[in-house]
Amino acid sequence: MEQQNNDLTPAQYDAVKNDANRLKILAGAGSGKTRVLTHRIAHQSKALRIEPEHALCLTFTKKAAEELQERLQALGLSSPVTAGTFHALAYAQLQTRWKDLDLPRVPSILENRKRILNPILPKQFSFEDRESTINEVNWATARRLTPETYPSAAEAARRDPSAGVSQISEFLHKFSQEKKKRNLIDFDDMLEYAIADLTNDAEYAAGRQWKYRYIFVDEFQDVNPLQFALLRSWLGPDSSICVVGDPNQAIYSWNGADAKYLENFDEYFPNSTTVELNENFRSTSKILESASSLLKKGNAMHTHKPDGETPSIYQANDCSAEVSYIAKKIKEKHLQSGRLSGQAVLVRTHTQISQIANIFNELSIPFTSPMDHETATEVHNSVERNSVTITTFHAAKGLEWPVVYIAGLEEGFSPISHAVSESSLDEERRLLYVAMTRAQDQLHCSWARQRTFGTKKVSRRASPYLKEISRSMVAANDQIMKGAPLRERIQILRNQIFPNDKPSPPSSQLRNDLNSWRESRALAADVKPSDVISDEAFEELIARKPKTKTQLERVPQLSTFNVARYGDELISILSNENA
């Protein structure tokens, strides 16, 4: 037993061995939650506190369930644990139930709702209107709403479907009637039918609750009201429950998920115990601090990894220049490490992927582009081919890379344009936090002042989150360099920016330092870098290397305002003995 647990941290070990009957494990990004969950099941089984054949583990993907079982087997668990998604386990229950009842005509499975919904929708609906309507139907059924209860719930949640609330209610009614007519059930119906069987037959429910009396739930922040209702139906008076989740990674409320079940766990399960895992084993402290600056409620996570490189922010003139910059960085890193699979480009929307992919094709950069419906394991398998990953923030959840580039950090993308309510804007913050915490060692953020949509060129503004991230970077550097001599402060900052690179030529190093300073100043003022100091002044500073204000005043391309406003900062950069 000790051999199984001797490499766990004290907090992890507490989560593993805690004998609470109702346990909530708050597992932050990179804290090893899957490892803790599997070790807990194995430990509790070997300590004879649970019987594996009576344990049920709920995951959100089939691959996650398979991975969990593989890990349990590796930990020496002799009897298999039942693991699967809510839908898979609900359907297995229904199939057994229907067979026992000898139903003459069992329902068929509707695997794609569009097959029924699209013919119901008006012919004049655009593709966007259809997608919006289907998403709204999905949200409504995940929250167990009927055509009658949907309007008030949609208003309370500030939903704004393109078809309008009243029409969505009509579509919900027609969709339900058409499924009944054809004897079809979709995936959410599986859960509703399973709940009905357990609610309407107490003896049957008692048997199910006895069979699976130890329940574990992964990613509990992603549970929706329908799934939670089924979970409650599976729990009996003698059942135990252990959930693992992180409210800071709740990013699926748009699809019906509700983190309140995790946050208010004690209200739903009184006398419960909470264990917090606050140690991040993935990211450097610089990355974690920058990402955590986005969270309104703060973040108790910490890491024992070195400070590492300060995350960078790059402002491009247009979207093509942004992708070219990322491509250049990828190639440079590839020359150093010999691997492309350790790098990923993350974006907010699927539409951003194609332009990046096109330029990568032109530059012969191998890439893979998994979609949101692929699981973490599937994405990992594709990454094993030596290629850069290009994917969305949502699809990146559960994954990690040594080097991460976050592209398109602009208003309209992050936060997304349709996020208007306070809750949706909070979720956009958490989504960017999830994206940033995928990075292990290096994080590079970028945006473009102009972006092309179809044939139209549109001026863009930096995401408001970039300023918050930038301020956290400056604050962190100020804290580290506080009280140190000028040369030492410059060297510390340089080591953070270029920790593993070979020493650059002095002029090249000075250019990097000066450019980083100008980019940061431009971002804070929401102007172009050349509006801070002109390109001509930039080059003249590198050529002359002035060390005093008097020498700065002799640079003809610098205005009196430039010297008064930025003189001390420029001297600090230019006075480095190696510049």
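These exercises work through backbone and surface features of a predicted model.

**Exercise 1.** Find where Asn 271 lies, and decide whether Asn 271 is buried or exposed.

Solution. 
- Start with the backbone. Phi of Asn 271 is near 65°, a positive value in a residue other than glycine.
- Most residues other than glycine have a negative phi.
- Now place the residue. Asn 271 sits in the loop between α14 (265–268) and β8 (273–277).
- Finish with the surface. Exposed means over 50% relative accessible area. Asn 271 has 75% relative accessibility, so it counts as exposed.

**Exercise 2.** Classify the peptide bond from Ser 414 to Pro 415 as cis or trans.

Solution. 
- Read omega. For the bond from Ser 414 to Pro 415, omega is near 5°.
- That bond is cis. Most peptide bonds are trans.
- Locate the proline. Pro 415 is in the loop between β15 (401–406) and α20 (422–436).

**Exercise 3.** Name the residues that make the nonpolar surface patch of about 230 Å², and explain why Leu 103 can belong to a patch.

Solution. 
- The patch is made by Leu 101, Leu 103 and Val 106.
- Leu 103 lies in the loop between α5 (86–101) and β4 (108–109).
- Patch residues need over 30% relative accessible area. Leu 103 is partly exposed at 34%, so it passes that cut-off.

Methods
Residues are numbered from 1 along each chain as its sequence is written. This is a predicted model: local features need pLDDT of at least 70, side-chain atom pairs count only at pLDDT 80 or more; totals for chains, interfaces and linings use all residues. Side-chain values use heavy atoms; hydrogens and water are left out. Patches are made of residues with over 30% relative accessible area and no salt bridge: like charges are joined within 9 Å, nonpolar side chains (Val, Leu, Ile, Met, Phe, Trp, Tyr) within 5 Å. Accessible areas come from the Shrake-Rupley method with a 1.4 Å probe; for residues, only the protein chains shown count as cover. A salt bridge is a side-chain nitrogen of Lys or Arg within 4 Å of a carboxyl oxygen of Asp or Glu. Helices (H or I, at least four residues) and strands (E, at least two) are DSSP runs, numbered from the N terminus. Buried means under 20% relative accessible area, exposed over 50%, partly exposed in between (1.4 Å probe, protein chains only).
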